[in-house]
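Reader: Could we go through one part of this structure together? I'd like to begin with the packing and then move to another spot.

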Amino acid sequence: MKLFLVEHAKVAPKDVDPERRLTEDGKRDIQKVSVFIKPLSLSVDCLWHSGKKRAEQTAEVLGEVIEVRKETIAREGLAPNDDVTAIRDEIISGRQDIMIVGHQPFVSKLASLLLTGSEWSSTVVFRQGGIVCLNCNEENQWQLNWIIIPELLN
């Protein structure tokens with residue numbers, strides 16, 4: 001089972017854009033990442049995003065280069081400060097490959113919880129527009145597989 005955690009790409013400040021849509025830099029960054037991952041032929045059962053415009057826009061770009069076998073949907077429970085344990089339990093019980101496009105601190109806390117058992121361990125540093133790939137074996141042990149961030153692709 002694979003889990004791809006994505007922090008949305010760069011956004012405009014709230015006073016400039018109350019919807020917090022992606023900036024031109026954010027669009028370029030996530031486009032660079034999508035061009036890079038396209039040859040990997042990634043596939044997931046589900047592509048989830050928080051429903052916030054910035055996460056939705058990021059998910060749309062990634063959804064163009066990965067195969068989504070079942071659904072791309074806005075999901076409750078993926079907001080920046082939502083509890084990560086319910087999503088962790090759903091991921092583990094569902095045993096599906098999933099990409100989640102979300103926010104800080106949610107994605108960091110979820111990665112830490114899966115890798116160390118504590119959401120507060122700050123195991124992985126996320127970058128806007130970056131993807132963290134985690135693997136889970138049959139014993140529900142999680143490992144960090146790879147990380148790609150836009151800054152590496154300049």
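**Packing of α4**

Author: The buried residues of α4 pack against β1 (2-7), α3 (85-94), β4 (98-102), β5 (131-136) and β6 (142-148). This is a predicted model, in which local features need pLDDT of at least 70, side-chain atom pairs count only at pLDDT 80 or more, and totals for chains, interfaces and linings use all residues. Residues are numbered from 1 along each chain as its sequence is written, and side-chain values use heavy atoms, with hydrogens and water left out.

Reader: How many residues of α4 are buried?

Author: Nine of the eleven residues in α4 (residues 106-116) are buried, where buried means under 20% relative accessible area with a 1.4 Å probe, protein chains only.

Reader: And at what angle do α3 and α4 pack?

Author: The angle is about 55 degrees, and the axes of α3 and α4 lie 10 Å apart.

Reader: Which residues of α3 meet α4?

Author: Thr 85, Ile 87, Arg 88, Ile 91 and Ile 92 in α3 meet Phe 106, Leu 110, Leu 113 and Leu 114 in α4, contact being heavy atoms within 4.5 Å.

Reader: Changing topic, where is His 103?

Author: His 103 sits in the loop between β4 and α4.

Reader: Is His 103 buried or exposed?

Author: His 103 is buried, because its relative accessible area is 1%. Beyond its neighbours within four places in sequence, His 103 has contacts that include His 8, Ser 50 and Leu 78.

Definitions and conventions:
Buried means under 20% relative accessible area, exposed over 50%, partly exposed in between (1.4 Å probe, protein chains only). Helices (H or I, at least four residues) and strands (E, at least two) are DSSP runs, numbered from the N terminus. Axes are lines fitted to C-alpha atoms, for helices over the stretch in contact, and angles run from 0 to 180 degrees between N-to-C directions.
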